[in-house]
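Me: Could you walk me through reading the features of a structure like this one? I would like the general idea each time, and then the case at hand.

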Amino acid sequence: MSDDHVLVLVDGHCSLCKGWTHWAARRDAEDHLRFASQQGKTGKQYLEDAGIDSNQSVIVVADGRSYTRSRAVLEVVRVLSWPWPIVYAAILIPCFIRDWMYVVISSHRYQWFGRVENDFCEVNSDIDHMILD
């Protein structure tokens, strides 16, 4: 993976994460994003090497830094096609408020959106090049 790509590690069994992955991939006109399941080979290796707790539902690696929770989501929308980068303005909301909202959604994601047994890597062929093993 090259340095100009943003690595997005998601819970591969989360229906919300799977839908969000497809949503973001379709809005990435400049091909910045690469996705990996935290349960997959790439995700497990990165989490182990970086010493990151895999209980986070989204982890983003951009410019050599790791981001979690609301900041991870904001780093993804930052590289999407217009008008989505404007959402990055939410960075002005205090982190404790953004992260509180994130944690509420994250902790209920299986209950509200469901859990899939198959990993999210089984996707549409139009974004296969963005999915890492």
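**Reading the features one by one**

Me: Is Arg 34 buried or exposed, going by its relative accessible area?

Reply: Arg 34 is buried, with a relative accessible area of 9%. The cut-offs are these: buried is under 20% relative accessible area, exposed is over 50%, and partly exposed lies in between, with a 1.4 Å probe and protein chains only. Before we go on, please note that this is a predicted model, in which local features need pLDDT of at least 70 and side-chain atom pairs count only at pLDDT 80 or more, while totals for chains, interfaces and linings use all residues. Residues are numbered from 1 along each chain as its sequence is written, and side-chain values use heavy atoms, with hydrogens and water left out.

Me: Which elements does the protein have, and in what order do they run?

Reply: Helices (H or I, at least four residues) and strands (E, at least two) are DSSP runs, numbered from the N terminus. Here there are 5 helices and 4 strands, and from the N terminus on they run β-α-β-α-β-β-α-α-α. Of the 133 residues, 41% count as buried.

Me: Which salt-bridge partner does Arg 34 have?

Reply: Its partner is Asp 31, with the closest N and O atoms 2.9 Å apart. Asp 31 is partly exposed, at 27% relative accessible area, and its place is in the loop between H1 and E2. The backbone deserves a look too: Asp 31 has a positive phi of about 60° although it is not a glycine. Asp 63, likewise not a glycine, has a positive phi near 55°; Asp 63 lies in the loop between E3 and strand E4 (65-68) and is exposed at 73%.

Me: Which residues are linked in a network of salt bridges?

Reply: An α-helix has 3.6 residues a turn, so residues three or four places apart point the same way. Here Arg 71, Glu 75 and Arg 78 are linked in such a network. Glu 75 and Arg 78 meet at 3.3 Å, N to O, and being 3 residues apart in helix H3 (residues 69-78), they are separated by about one helical turn. Glu 75 is buried at 5% relative accessibility, whereas Arg 78 is partly exposed at 42%.

Me: What does the charged end of Arg 78 sit over?

Reply: A charge sits over a ring if NZ of Lys or CZ of Arg is within 6 Å of the ring centre and within 35 degrees of the ring normal. The charged end of Arg 78 sits over the ring of Tyr 88, 4.3 Å from its centre.

Me: How many aromatic pairs does a search of the whole structure find?

Reply: A pair of aromatic rings is described by the distance of the centres and the angle of the planes. Rings of Phe, Tyr and Trp (its six-membered ring) pair if their centres lie within 6.5 Å, and planes under 30 degrees apart are stacked, over 60 edge-to-face, and the rest tilted. The search finds 1 aromatic pair. Trp 23 and Trp 84 form it, edge-to-face, at 4.8 Å centre to centre and 80° between the planes. The pair links distant parts of the chain, with Trp 23 in helix H1 and Trp 84 in the loop between H3 and helix H4 (95-107), 61 residues apart. Trp 23 is partly exposed at 21% relative accessibility, and Trp 84 is partly exposed at 30%.

Me: Which two residues does a cis peptide bond join?

Reply: That bond joins Trp 82 and Pro 83, with omega about 15°. Pro 83 lies in the loop between H3 and H4.

How values were computed. A salt bridge is a side-chain nitrogen of Lys or Arg within 4 Å of a carboxyl oxygen of Asp or Glu.
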